Amino acid sequence: MILRPAEPADALTVARVHVRTWQAAYRGLLPDKFLDQLRPEDRAARYDFATRDPGKPQTIVAVEGDEILGFVTTGPSRSSELPDHGEVCALYVDPEQWHRGLGAALIAAGRARLVDLGFPNAYLWVLEDNERAERFYVKDGWTADGMRRKDRIWGIEVDEVRYRREL
């Protein structure tokens, strides 16, 4: 397995991982009807893997052979209250690849990118009641800081919990 920056040609494959992971990880947390109608083609159109602007989110993919197995997206904070933080915007591993250490490799790569950008701290948001993700991030040194929010993602309102850590 190698980690490399996402390229424009990766958009559909990354979107497939994104959708498959949502459909597996969020089953029981989000409505089945919503999850069942997600389409990678709709998601792929929203990615911008061409930019290398450090001020914008960047995606790193985990690749084995020709297959993208997971990805992490990081960038400068989008929160005005945490301007000295980097943000982990997304971290997803294809459900068929869970328990292989890919998530740990990707989050480490994401943290390293944020350090390279000069951030001493980072934050991320976790879907409320997503115990699997909470366990993963706590094991990686993240701590819930008590901040909660309602957000709209892919057209559905979700409740999220913020986690933070020093880099």
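**Burial, helices and overall fold**

Mentor: Thr21 has a relative accessible area of 4% and is therefore buried; buried means under 20% relative accessible area, exposed over 50% and partly exposed in between, with a 1.4 Å probe and protein chains only. This is a predicted model, in which local features need pLDDT of at least 70, side-chain atom pairs count only at pLDDT 80 or more, and totals for chains, interfaces and linings use all residues. Residues are numbered from 1 along each chain as its sequence is written, and side-chain values use heavy atoms, with hydrogens and water left out.

Trainee: In which helix is Thr21 found?

Mentor: Helices are DSSP runs of H or I with at least four residues, strands are runs of E with at least two, and both are numbered from the N terminus. By that assignment, Thr21 is found in helix H1.

Trainee: Leaving aside neighbours within four places in sequence, which residues is Thr21 in contact with?

Mentor: Contact means heavy atoms within 4.5 Å. With neighbours within four places in sequence left out, the partners of Thr21 are Tyr26, Tyr92, Val93, Asp94, Pro95 and Trp98.

Trainee: How far apart are the end C-alpha atoms of helix H1?

Mentor: The expected span of a helix is 1.5 Å times one less than its number of residues. H1 covers residues 11-25, and its 15 residues should therefore span 21 Å. The distance between its end C-alpha atoms agrees, at 21 Å.

Trainee: Which helices and strands do the buried residues of H1 pack against?

Mentor: The buried residues of H1 include Ala11, Val14, His18 and Trp22. The buried residues of H1 pack against helices H2 (32-36) and H3 (40-44), and against strands S2 (58-64), S3 (67-76), S4 (85-93) and S6 (143-153).

Trainee: Which residue just after H4 takes a positive phi?

Mentor: Helix H4 runs over residues 102-116. Among its buried residues are Leu106, Ile107 and Arg111. Just after H4, a positive phi of about 95° is taken by Gly118.

Trainee: What radius of gyration does the protein chain have?

Mentor: The radius is taken over C-alpha atoms, and the globule rule is 2.2 Å times the number of residues to the power 0.38. For 167 residues, a compact globule would have a radius of gyration near 15 Å, and the protein chain agrees, with 15 Å.

Trainee: What pattern does the protein chain follow along the sequence?

Mentor: The secondary structure comes to 5 helices and 7 strands. Read along the sequence, their pattern is β-α-α-α-β-β-β-α-β-α-β-β.
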